[in-house]
Structure formats: structure tokens, C-alpha cells
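Subject: Structure for your files, with notes

Hello,

The structure is placed directly below. My notes on it follow.

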Amino acid sequence: MTVRNLNHMFEPRGVAVIGASNRLPSVGGAVMRNLLAGGFAGPVMPVNPKYEAVAGVLAYPDVASLPITPDLAVLCTPAPTLPEIIGGLGERGTRAAIVLSAGTDAEHEPGVSIRQAMLEAARPHMLRLLGPNCLGLLVPGIGLNASFAHVAALPGHLAFIHQSGALCTALLDWARTKGIGFSHFVSLGDSADADFGDILDYLGGVPEARAVLLYVESITEARKFMSAARGAARNKPVIVIKSGRVEEGARAAASHTGALAGADDVYDTAFRRAGMLRVLDTDEMFDAVETLAHLRSLKGERMAILTNGGGPGVIATDALIADGGQLAALTAQTIERLSAVLPGNWSRGNPIDIIGDATGERYAEALRILLDDPGIDAILVLHAPTAMADPTEVARSILAAAADRREDADILTSWMGGATVEPARQLFAEAGVPTYPTPEQAVRGFMHIVAYSRNQRQLLEMPPSIPSDFEPVRTTAQLVIEGAIAAERDILTEPESKAVLAAYGIPVVETRIVKNAADAAAVADRIGYPVAIKILSPDVTHKSDVGGVALDLADGDAAVQAAEAMAARLHKFNPDAKLTGFTVQKMARRPGAHELIVGAVEDPIFGPVILFGQGGTGVEVIADKAVALPPLNIKLARELIERTRVAKLLAGYRDRPAADLDAIALTLVKVAQLVTDIPEVLEIDVNPLLADQVGVVALDARIRVAATSVAGPERLAIRPYPQELEEWIELDDREILLRPIRPEDEPAHHRFLSALRPEDIRFRFFGQVREFPHSQMARFTQIDYDREMAFVATETREGERETIGVVRAVTDPNNAAAEFAIVVSADAAGIGLGRNLMEKIVRYCRARGTRRMVGQVLSDNTRMLRLADRLGFDKRTGEGGVFEIELELEG
């Protein structure tokens, strides 16, 4: 459902409390009193047939008796009553309800739980539900406290969405003492209807919420969550803490990849891919809240440390460098100015140690000088209590000096100690200056924002293009897999697995299958020595575990002896295992090559996951691995490689040359494409993948498959490039390709927009645009295909594909309306390209079930107005010489 009717939940004009009570303590009593105490401007209507009034407010016996229809209802009644109450609210016209009651898993009627009945009662009326089993909802900006929390939230600009009622009440308590306020405080509970994706979608577009904090226990609809998170994180910081990082037990798996790709690793990579910042514990979360609530927009990463003690300054510096931070270099002018006001034995560098007898005045003078240094982006002020200065007086001096600081300078503080420094900390909290108990926590808080900024920059990087000659032979791979499924096998043989990989352009060692030891020697004679021989058994997952691999066999006798010995060992250690034969392959001579593992596994929440790491027989012991969500491009694949320890070895060292990182990255992209294309592939294990300066080759491979009715792209948490939407057309003897835009299109798209005529720029952007910065171009070309579509028209010019037109449609989260825009280059005007692009986007939106398309057209853009008229758009006059046009797509 996404954001439909959530405005009634977050911006209600009236609230009904079903099950309101005068009895305390009770949920109905706490909710009623919180609503009245919060200062909500609309009517608050208690519903309970037992009372004439609740908390002094006239009560009503049932929903039908209410004098007006409430936008929002808060349900505090026993679980069995919920379906009937929700149905009555829906019939009355209420469009949002908060269900605080627990116990909805109980049976409502045979085969139907209370939760199911509750949802079915809400569905016909599009009534949105928060909960059940939740704490409630607070929107302090409008005085809405529809919760049974023990304290109210202060108004602020931080939104908090959580699944743990106990944790959120603790956070409310803590935040209030720190002076931290919230724009929205949302308890999801069991998320029967509204979930993380829905609430993120809504809050991502609310300007009052400048940052979003998530406490996640589990995610349900991964694709909706990823789309919402990616959209929100592009607009504001999103910080997430995920509980359940350690699995209870090892998951049974048919491969090294399955054993290595833990559930928490997948969550971690999903958060990173969405552009969110993950913190690991509640201490970090509180630090993050402190930083987000008070820190200004980060302009850079260079930190200066101002302290009255060398020890705290060193501790802060160590923490900064250990977290990958950057210590600011003081300019000669700054050092000269500081020397003029500080004692002669000051540190003369960063950290700026102004000596233990520093007074508030000395702190203030030093701070003003540091604020004038353009090479400093943030200043951490540390203070250790001494008998020479009052900590509170020093804090007042710092605040006075910071009052006129430039907009791009951030200040953080850490007043170390206990009761003696508490008044100073309170002053900082009241002034909105981040303050922390220890230097380490202060640095960690700062690095949260640094990490978020780095994530955002990384998301905007343009990926290199995938080689144009990568054209997988999907039908070949599909036939191999279908043959195994038809034979009722879920594990492909090694030769079959390699055939699938080869169909996707991954280099493999040629492998032959033989029935017995004599045949193994005969094949080895033909392909040449030395050879490797391995057992072939559907019952053995890891061949080396049963002595089923023999390497560097130099002649036929050695081949026979090795094969017979392996067969004997298999029978001894695993007598029930079926030996179907042996595989024979020529030894791959790659001295100095690195053994890597590349694989894929199916995650129950996020779908296919790609794994990379150090390979070999000790892969699970070494546990050097990282995971990523497909689809991948070269940039994302390189980033995956860089998150492993083996990456440093691959870069080369001493006399060992660097491995071909492009070949490794391309292999990862190809594996990601394979699991995207073929949904029957559940697990891939390439171990080892040899990599050196000349490229890669897969020595061993294992693929697990199963029949499925789900289309490949539908399994992915992130919708891949929709290649099926590519279309060739011919206009005026010109061969033109219409296709979805890709991140790699940024250079061509920039050339296209930069070459547009001033009139075309004005028609498209409703004004003149002098330049298109990289950040804007990245947003144009890096789109979420689940929420937005842009079709580019390209043709070959001087051997290069150039963009000559683009049409774009951005759909709202409800898929109710898509706003479109179109522009065509001057040299492609008048050949029908605009009409072809518009017809393509209309077909696309209609196929997705979008109800209507809308757009704005300047009154003097007569060509577009004529085209819209021919396509059936309705037109009405808007403001400022702009026409509003609309096309109904349903019916």
C-alpha cells in the first residue's frame, strides 16, 4: 500500500481513542491523558460504553455515536474485538488506526487469525493500520502523543522508527534529558500493515524530518524497503541499528558460499547499498542521535582538536585515525595567531593543547582563531576539570565564541567527568551543540556523519561500462539446468556447472567425465599431463573432505592409482555415497595466482546475494569474505572486492604483480547476471577461482538448482536493468535504440543536455540552467527502476552511441500518478522521435498499472501541447503561463 492514507495517521484533524479509560494504570487511560497533555489542537474523542466521560472529556458508547469522523483512531481494546471495531471505523470513513493491542495471532474463527480478520476488515476502506502490539505514535510538532509512553517527546527534526517498545521508551527518556527532540516517533510493533518501507516512504518526503533513525529487528518486503530506503537516504541521513547480529546456529548449506554468507552480512550490505549508515549498538545509536540532532551539514572531514590536556587530545586523535578520520593541518597563519595568545609551551600543532590552566577566555580566543582557518571543517573541544577553571564558565565562553561561527564549521564538545561538569553539558544541550561524555564517543559521533557523507558520494560515482562483448548465451545455461531438474537432481555436476559458467563468459578449465580409473588414464593421455582427477558423486558436497581430489598426476599409472585410491576412500568414509565416475582436467599452471571464492546464495529476505573472498580449502576457517546484492556493475563489484582482506594482496606486493582486478570484477558482474537471468539457480560456488595478472580461471564449480515459477528479476531486492524494454525503431532512415537509462550513460547524457538549445532547456526545466553538476547528472542516470523510468533514444555517431532524446516518468509510491518530462535534441526534432518516446512511456506506465500521467507544459511550448493533444491528454490552465496536462491510463 505504501503511503496511501498515511497523512491521516501523521496529520489527523481529529482522534478517537477506542477503549479509553479513567483507570490508571491502563493503556486506554495513558493514551487519553497523553493526547490531552500533548496540546493536540483537534478533538480527542474517547469511546467506551462504561464511562460518561474520560479525563473530563465527554465519552461515546461506540464508533457510530461519534459526532464527527475521526481521521485517526487509537485502539486499546482486547484483541478479539479488533476486527469488528476496525470494520466500523472504515464504514464511518476513518482512514488510519493505531492498534496497541497484542495477541492478534490468536484464532478469530477457524483457519483465520485475528490479525488476518483485522486486515480484511480494513482493506475495503483503505484504512491504514500501525501495529498491532506497538507503543503508538508521537508527532510533537502538532502536539500528537497517541501512545502510552511514560514521557512525551520534545519537538525536533529527527524521526525515529522502531520495532522495540522497550528500547524506544528508554530513548525517549534519554533524549529528553539531552534536549533532543523528534519530528516523528513511530512504533511499528508487528507491522501487520504499515511497515518500514511505508513509513520511510512517507517520512522521506517530510521536510520536518531532517534525519531518520531506524531500529530494525526484521524486514519483510525487501524490495519495497530497499526502494524506500534508497529514496529517503538520497534526501537525508538514515541511520539504522539492527539487532540479531549473531545467528543461533550454523545454517546447513550445500556450499562454502552458503556457509559463509551469514544473515547479518546480508542486512549489512543491504543497508550500505541503500546509502544508509549502520551502527552496531545502543551506545552508538545514542551517539548518532546526538550528532544528527545538533550537527550542522558536514562540509568536510578535517577535524581540529582543542584541549586543556595532552592525554585527552591523544585519545581523541587515536580514535579519529583508527576510524579513518582526518586530522586538520593548521596553516602557518593560524599557528602564528595562536602563539600570540597562548602560553609558550602550547603544542604548536593539532591537537591544540592550550595547557591545563586554561580559562574560558583562553579557550574562546583559541576557538575564534580556529574558526577562521578554512582548512578546518569541524572542531572538537575537550575539557578535563581542573582547579584553575570553572567547567561551566568555560562552556559559556565556548558558546559565546561559537555564536558567530561560519555556517560550514561544526563544533562538538566533550566535558569529561561527572557531577561537576553536568551543568556545562546541560548548557551545550540547550544551545544545540553536540556534547559527549568521552573523547572517543565524540569522535565516533562525528565519524557517523563522515561515513554517511562518504556513502552518499560513493552512490553518486559513475560506474565504468561493462565490456560491450559480454553477451551471455542464456539458452545454453538454461538447457543444462533444465536437464538436471528433469533428472530430479538439485546439484549440477562439476562439468555441468562449468558449462553454465562458460555460457556466461567466465573462463573455466576444460573438464571431462569418465566412468572408471582406466578411462581416466586414457583421457589424461589425450589431454596431456600433468592432470587433476576428482571424484564425481551427487552425495559429496566438498570433495577434498573425503580425499576426492588428486593433483599434479604425471602419467597414466599415477592417474589409475589415484582414481582407485579415491574410490576406496569414499567407500570407507562414506559407504552410502554413490560414485558416478571421475572428472579429469589438465592442471592449470598459474604460479603465484591467488585462490579466490566467488559465489551466490539465496537469502530468504533479500533474495540472491553475491559473495567474494579468499578461497581454497581453508575458506571457511579464514572467513575473509564480503557480500553484495545484485544487480552489480563494475564499480559495485570493485567495492565488494575492496571490503575483503585479500584485496590488499590482489593489489600486489614486493615482487608479486597485481592481479587483474577488472577481470575479477567482471566475473562478479557475470555471476550476478546469471542469478538474475535464471531463477532456478539457488546457489553458486566457484572455489577456487584463480586470479593473477593475466586474468581469472575457475578450477572448480558447484551449482544448486530447483524448479521455480518466479521470474528471475522478481527475486531481487533491487530491480535490475530491464533489458526487455529495449526497442529498435527507424525514423527518417536513422536506426535509433530506445532503452532504459543506465548509470554508465552519465557522460553521454551530460553531452546531450549541455548541447540543448536555450529554448529547449527552458521548456524542459522551466528556466535557464547554466550547468549540470555531477550530483545532478547522477540523479538523472542512477534511477530506481521500481519507482522511476527514463527511456533514452540513442544512435551511433562516429562509432559512439550518443543520446538524442529522453523521456522520464516518476511514479508516486502509491502508483497512482506518474509525472513525466521529455526533451529531444534539435537535430532529432521533426522526425517523430518525441511521439515515439511518449508512446513508449505511456505503454510502460499503463502496463505497470499506473492510473494516470501528469505533466506541466509552458504555454509557448506549442509542439509539446500539440503532441499531448494528439495523445489524448486533457489540458487545463495553471499558474504563471503553465498548462497542467493529464492522461487517464485506466479503462
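A contact here means heavy atoms within 4.5 Å. Helices (H or I, at least four residues) and strands (E, at least two) are DSSP runs, numbered from the N terminus. This is a predicted model, in which local features need pLDDT of at least 70 and side-chain atom pairs count only at pLDDT 80 or more, while totals for chains, interfaces and linings use all residues. Residues are numbered from 1 along each chain as its sequence is written, and side-chain values use heavy atoms, with hydrogens and water left out.

The chain overall

The secondary structure comes to 29 helices and 40 strands. The C-alpha trace spans about 95 × 80 × 65 Å along its principal axes. For 891 residues, a compact globule would have a radius of gyration near 29 Å, and the 32 Å of the chain agrees with that. (The radius is taken over C-alpha atoms, and the globule rule is 2.2 Å times the number of residues to the power 0.38.)

Of the 891 residues, 57% count as buried. Buried means under 20% relative accessible area, exposed means over 50%, and partly exposed is in between (1.4 Å probe, protein chains only). The chain exposes about 36,800 Å², of which carbon and sulfur atoms supply 51%; the areas come from the Shrake-Rupley method with a 1.4 Å probe. Among contacts with a separation of 6 or more, 71% are between residues 24 or more positions apart.

Helix α17

Helix α17 covers residues 474-486, which is 13 residues. From its first C-alpha to its last it reaches 18 Å, close to the 18 Å expected at 1.5 Å a residue; the expected span is 1.5 Å times one less than the number of residues. Ala477, Gln478, Ile481 and Ala484 are the buried residues of α17. Seen down the axis, these buried residues fall within an arc of 125°, so they line one face of the helix. The arc is that of the directions from the helix axis to the C-beta atoms. The buried residues pack against α18 (494-503), β30 and β32. On the other side of α17, Thr475, Leu479 and Ala486 are exposed. Just after the helix, glutamate 488 takes a positive phi of about 60°.

Salt bridges

A salt bridge is a side-chain nitrogen of Lys or Arg within 4 Å of a carboxyl oxygen of Asp or Glu. By this rule the count is 47.

Arginine 704 and glutamate 683 form a salt bridge at 3.2 Å, N to O. Arginine 704 lies in strand β32 (residues 701-705) and glutamate 683 in strand β30 (residues 681-692), so the pair ties together parts that are 21 residues apart in sequence. Glutamate 683 is buried at 4% relative accessible area, whereas arginine 704 is partly exposed at 26%.

Aspartate 786 and arginine 223 meet at 3.6 Å, N to O. This pair links distant parts of the chain, 563 residues apart: aspartate 786 is in the loop between α27 (774-781) and β35 (788-797), and arginine 223 is in helix α7 (residues 222-235). Arginine 223 counts as buried, at 16% relative accessibility.

Aspartate 265 and lysine 625 form a salt bridge at 2.5 Å, N to O. Because aspartate 265 lies in helix α9 (residues 263-274) and lysine 625 in strand β29 (residues 625-628), the pair ties together parts 360 residues apart in sequence. Aspartate 265 is partly exposed at 27% relative accessibility, and lysine 625 is partly exposed at 22%.

Regards
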